[in-house]
Amino acid sequence: MTALTTTTSGGVGYRHILTQNAPDSLSPVTDPLDPADLLEIDRLFSPDELALRARVRAFVDERIRPEVEGWFAAARFPTELARAFGELGVLGMHLEGDGCPGGSTVDYGIACMEIEAGDSGLRSFMSVQGSLVMFPIHTYGSREQRQEWLPRLASGEAIGCFALTEPGAGSDPGAMTTSARRDGGDWILDGHKRWNTNGTVSDLAVVWARTDAGIRGFLVPSDAPGVTFLPIDDAWSLRAAARSELLLEGVRLPDGAVLPGATGLSAPLSCLTEARFGIAFGAMGAARDCFETALRHAVTREQFGRPIGSFQLIQAKLASMAVELAKGTLLALRLGRMKDAGAAGPEHVSIGKLANARAALDIAREARAILGGDGITSAYPVMRHMVNLESVLTYEGTQEIHTLIVGEALTGLRAFT
Ligand SMILES: Cc1cc2nc3c(=O)[nH]c(=O)nc-3n(C[C@H](O)[C@H](O)[C@H](O)COP(=O)(O)OP(=O)(O)OC[C@H]3O[C@@H](n4cnc5c(N)ncnc54)[C@H](O)[C@@H]3O)c2cc1C
């Protein structure tokens, strides 16, 4: 990470004073102090993980940052980037076999963090593709379904969307009314889904529907007769992602379209746990971008004859942002290590999603304030991150829902209804 080395107030660089007997992990460092990594959390990543991070960060610098303000302004998802994401190896990153990259959960988190430093909408594309489309096919699909779809989804040749939410069923997906009924050997799907990220650019929808035997998942080709995607054009958030509604009108599917291993609401919820984990890391990417932008501004912008970063009130904001960024990054990494060890349950992931989406939004708002009036323009990425993070706070379970999940884990008592 590039460290800030110059300030007009004497510099942000100071050296840690460490004893000669410090353990290896705390040995004196010779690099300049990195304001975005005060706690030297980088030391907790392996060389391979740092190399992956550098690779994804370079991709963001080269392929996303130069164009993203335009995509956001035009409310356009850059479909042409899908294959580049595939070549980068970040689609279905933590899945193995059938053309999937086969990385670790922490690898996936690192990729989410770096892509979201570019834009939450593009990280959403990647999360939906990997965690909400490829994960259920990988986990609950038949051999034929895995072989048909996973290689194309991993390479970005095909794009998938996940259709759980409905106009009347958001936080309470169990209230869904989309139905799937038998007609001979076929299934007939009818219903209305809302907020399908990737929907209008998708080749495949993973649709969750009510059947006589409970909730089941279906692989619905986006060009099947009776399938209509309508863009949601009036959103002020995640504008570089494709948002849509999905109408299902008498959609006839063969028996082979149902995910054989997915029965009941626990199946789509398990997909959400995967995606929520990615958000815990990803939100810290957007937060880091906001923090670094604000810090750069604070040490260069002068008012009252001094850099604004020399005022105590600005330093208080920066210090608070740095503390939250460090805490959130540690939390995400801890979760990732737990998940790689098979020790993270949905309630652990809820802690990460809740805490980090909230912290990232707070950091973005503080960064926006430090940028003053120019902070509301596209000259800086901060306002875009800020409005994106409003969606990140809401989707994949709102902060209230995650609070209730943690509350239930603490007390053993459900407070949802
Ligand atoms: C940009 C974007 C992309 C999305 N992408 C997808 C996608 O790809 N696929 C998909 O299926 N869905 C997607 N969603 C849907 C998302 O998951 C839902 O918006 C979310 O679950 C909240 O549902 P809702 O919007 O209907 O709000 P509601 O459920 O109506 O909630 C409204 C408010 O009531 C609160 N609330 C609800 N129940 C309780 C309770 N028991 N106690 C206290 N407070 C409560 C909520 O926390 C919230 O503050 C997306 C949403 C957005 C905004």
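Me: Let's start with a charge and a ring: which residue lies over the face of Phe 277, and at what distance from the ring centre?

Reply: In this predicted model, that residue is Lys 339, placed 5.8 Å from the ring centre of Phe 277. There is another case to look at: Arg 239 has its charged end over the ring of Phe 72, at 5.9 Å from the centre.

Me: Happy with that. How is a pair of aromatic rings described?

Reply: You give two values, the distance of the centres and the angle of the planes. The structure has nine aromatic pairs. One of them joins Tyr 108 to Phe 277, with 6.3 Å from centre to centre and 35 degrees between the planes, so the pair falls in the tilted class, between the 30 and 60 degree limits.

Me: Where in the chain do Tyr 108 and Phe 277 sit?

Reply: Tyr 108 belongs to helix H4 (residues 105-118) and Phe 277 to helix H7 (residues 266-300). With 169 residues separating them, the pair links distant parts of the chain.

Me: Is Tyr 108 buried or exposed?

Reply: Tyr 108 counts as buried because its relative accessibility is 1%. Phe 277 is also at 1%, so it counts as buried too.

Me: Which residues do ring pairs link into a cluster?

Reply: Look for Phe 59, Phe 77, Phe 85 and Phe 125.

Methods. Residues numbered from 1 in each chain as written. Predicted model: local features only at pLDDT ≥ 70, side-chain atom pairs only at ≥ 80, totals over all residues. Heavy atoms only, no water. Phe/Tyr/Trp six-rings, centres within 6.5 Å; stacked < 30°, edge-to-face > 60°. Helix = DSSP H or I, 4+ residues; strand = E, 2+ residues; numbered from the N terminus. Buried < 20%, exposed > 50% of the residue type's maximum accessible area, 1.4 Å probe, protein only. Lys NZ or Arg CZ within 6 Å of the ring centre and 35° of its normal.
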